[in-house]
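Subject: Structure for your records

Hello,

Here is the structure we spoke about. My notes on what turned up in it follow below.

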Protein chains: 4
Amino acid sequence: MIRVGVLGARGRVGVEVCKAVEAADDLELVAAVDRDDPVEGLAGAEVVVDFTHPDVVMDNMRWCIEHGVHPVVGTTGFDAGRLAAVRGWLDANPGVNALIAPNFGIAAVLMMHFAQQAARYFDSVEIVELHHPNKADAPSGTARRTAELVAEARRKAGMAPMPDATSTELDGARGADVDGVHVHAVRLAGLIAHQEVILGGDGEILTIRHDTMNRSSFTPGVLLGVRRVREIPGLTVGLEHLLDL
Amino acid sequence: MIRVGVLGARGRVGVEVCKAVEAADDLELVAAVDRDDPVEGLAGAEVVVDFTHPDVVMDNMRWCIEHGVHPVVGTTGFDAGRLAAVRGWLDANPGVNALIAPNFGIAAVLMMHFAQQAARYFDSVEIVELHHPNKADAPSGTARRTAELVAEARRKAGMAPMPDATSTELDGARGADVDGVHVHAVRLAGLIAHQEVILGGDGEILTIRHDTMNRSSFTPGVLLGVRRVREIPGLTVGLEHLLDL
Amino acid sequence: MIRVGVLGARGRVGVEVCKAVEAADDLELVAAVDRDDPVEGLAGAEVVVDFTHPDVVMDNMRWCIEHGVHPVVGTTGFDAGRLAAVRGWLDANPGVNALIAPNFGIAAVLMMHFAQQAARYFDSVEIVELHHPNKADAPSGTARRTAELVAEARRKAGMAPMPDATSTELDGARGADVDGVHVHAVRLAGLIAHQEVILGGDGEILTIRHDTMNRSSFTPGVLLGVRRVREIPGLTVGLEHLLDL
Amino acid sequence: MIRVGVLGARGRVGVEVCKAVEAADDLELVAAVDRDDPVEGLAGAEVVVDFTHPDVVMDNMRWCIEHGVHPVVGTTGFDAGRLAAVRGWLDANPGVNALIAPNFGIAAVLMMHFAQQAARYFDSVEIVELHHPNKADAPSGTARRTAELVAEARRKAGMAPMPDATSTELDGARGADVDGVHVHAVRLAGLIAHQEVILGGDGEILTIRHDTMNRSSFTPGVLLGVRRVREIPGLTVGLEHLLDL
């Protein structure tokens, strides 16, 4: 049994994480802490999951690391400076590890990784992401990140630009250009969060698609992080590094 | 046995039509005429298929109608004036009928028809079309036409605008706006011609997709036109009117 | 404002129907009745929605019809005898109408209708349905019904059997045979309820797909029935008859 | 310029390989040999592509290896004994390498590899393969192989059996059972060769799909083999080992 604490335990994500920890046979929920609770409540946890806010996550991580607790963090807002600070705390506390991941959806993380690997072998790659109509940004952060990874893989492999003979275009028809990769954003009532990476070459197409069907789709990834963080020395950024790919 | 003539018989499409007519048990190819052949070669045909050029198609149709031959026409370039002229010739030659269709792909025609019918029952509709990278225009003519039909169906049903909370958009991400319908054009090596109409409402999605897998995909529609043109009085514009929908 | 009553108001479906009626500007929820409530509570309703049980639905319908209330019924278990009884009550109470529908999902109903229409124009049709792994029956009732409709449409059109050269088959690989139509049932964690009808001919494919994304996907169809039942004389069986197809 | 010879040069595949070699700037076609041509015609080639027949491929490979030519082989029929023989010839001729691949379609090979990697992270995996109706076997060899790889990955990861509550099944509905993985085979006019691996877990789905759009879809994989065989010491079985995955 791994003793798990949850920070942001009453937030939308935290509630789901608490439920999932309690439902798992090999995990024990020892602390569910939210903004007005004393952080000392986490004492006794081996691993702490943090889905809180950029304003407080650094204090949270510091406290955890200095108290020998491995943090698993889904809170956003990490830049190079913050990552360096975390690395410093980990260096000062040998035996403590940390996982920071911008995306805990295993299917989404695999989609990005596979897209990046496959991109070197196809003349063309485009991305279609599809979301519910309440989403404010287009394209999604995941689609932009995927496009950047694809573009980087193609650059490293020295690939030629993608073929495209479009000469008459209705404004916007060919989507957004992210680093040379065309990205299309569909917004549709009834959808949740979906993305398709389509790769095409001479006579064959490879499609990698990810569908989020409900709001607990990130919990398997969080539990994977909780189970593995103790064995991955130092700081790990990105769930893909835990997937033995 | 229906006696069939083909005009434009050595063109890319005409060659396929000739092959398909010859392969059909109930059809007999009695004339294969191209640009340097005398049109009189068509005498003896009951139905003539015309995939030629806007410059010559009106002369072809007139000759057919005045000689009691039913034309089945895939050549483009028909406007209101041309259609009126054809109707005049048909009025003067009772018993002769004509079919003009901008698209003989049955799957594509059904996709458009179904999209139009379904559009009244879903909050959101978007179109993703996907083609080979040598295509010059984006979006495709079929996608534009589908969007117009969808928009018209929604207008007639008095529907509210589609929900869309996008406030931060990378230029082009949300596609082209055709009459209020978002249309996205993917260009990818390995593809041929494909289109998806995605309709979404409260908790459910309906997707209608059409894939063209090779260049003979229009022949079943042409043969259907050949078999039915004799029974549909006067001028018919659009293959959908022959499909008993 | 249409005054609406709900029978089975505390069942899983009934709860959603009550919510949807209350959220609609043109509908007023005047009675929410469940198994221990007196049916007289429905007096004052113009339309009553019934998602109850085969054991009680006939009594419910009779009471409604004799009290001048139009029933909209999603309860299952109607055979020819039951339908005849309902018709008799309606004949005796002119001006009262009834709608009985085995499926209120508009996308699913449209999928079935379009599949039936398209089936006459393609050499091959197969069905792939995909559901959550807790489903007891395979294939789903919707998939069986779709296959029957497709088979009937092909029979009426005098079509040849579908081409299939399979000579070496691992048991079950080609799916279940429903009236000559192959039906495949996928069971997968994370899925809800989905179905794809794939139609193929010479060089082109038409795919009609339906995705249920959550458990309220039937409410738009129920509200449509509530709004239209007053204008469709007598008994209507099947939501498709209200869709102006 | 790599000097390339082709064995089986007048076979369906060989013809495409010859064309592709001639079209590539960095490759030179120095010999196109078929069954009645003397194998000595291959002298001068650095790499030889062999799409011939199980009856002759072993003689071909031996000749190549003993003459310092690297064989790239798509011919089928290799068992453990044959592979051991090839390894013996390679040991006796240091500096000569060989590539034998059952599948040269890069998209298909990537699909299998990604499916195998992802299989460890999802509760359920099923495979739907779709082919033209002239195919004799169901499911396809690629689908069987994918299922075996998925099953092996799950076994190694110690995963529980997939959830499946099916208690009433129409015969065949749940597909073929390959090593515990359900495989469904669709046969449809208009299709070529397609496969979808669908993986599902708590609230999310990952789909990896491969579409073959024409008969030259294997040529990019063959050219990749030709370009890399000189650098991969000894015998390599499977294109995936050349893809830096």
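About 3100 Å² is buried between chain B and chain A, and carbon and sulfur atoms account for 62% of that area. Please keep in mind that this is a predicted model, and that the values here are computed from it.

On the side of chain B that touches chain A, the elements giving two or more residues are all strands of chain B: strand 6 (124-131), strand 7 (137-138), strand 8 (168-169), strand 9 (176-178), strand 10 (181-187) and strand 11 (193-201). Sorted by class, this side of chain B has 22 nonpolar, 12 polar and 11 charged residues. Counted by contact, 45 residues of chain B meet 45 residues of chain A.

What about salt bridges between chain B and chain A? The count is zero. Polar contacts do occur: 22 residue pairs between chain B and chain A are in polar contact, with both residues of each pair at pLDDT 80 or more.

There is also strand pairing across the two chains. Strand 7 of chain A (residues 137-138) is joined to strand 8 of chain B by two bridges, and the two strands run parallel. In this pairing, A138(A) stands opposite E169(B), which belongs to strand 8 of chain B.

Regards

Notes
Residues numbered from 1 in each chain as written. Chains lettered and ligands numbered in written order. Predicted model: local features only at pLDDT ≥ 70, side-chain atom pairs only at ≥ 80, totals over all residues. Heavy atoms only, no water. Contact = heavy atoms within 4.5 Å. Buried area = accessible area lost by both parts, 1.4 Å probe. Salt bridge = Lys/Arg side-chain N within 4 Å of Asp/Glu carboxyl O. Polar contact = N/O pair within 3.5 Å; in protein donor to acceptor, adjacent residues only side chain to side chain. Helix = DSSP H or I, 4+ residues; strand = E, 2+ residues; numbered from the N terminus. Nonpolar A, V, L, I, M, F, W, Y, C, P; charged D, E, K, R; others polar. Pairing = 2+ DSSP bridges.
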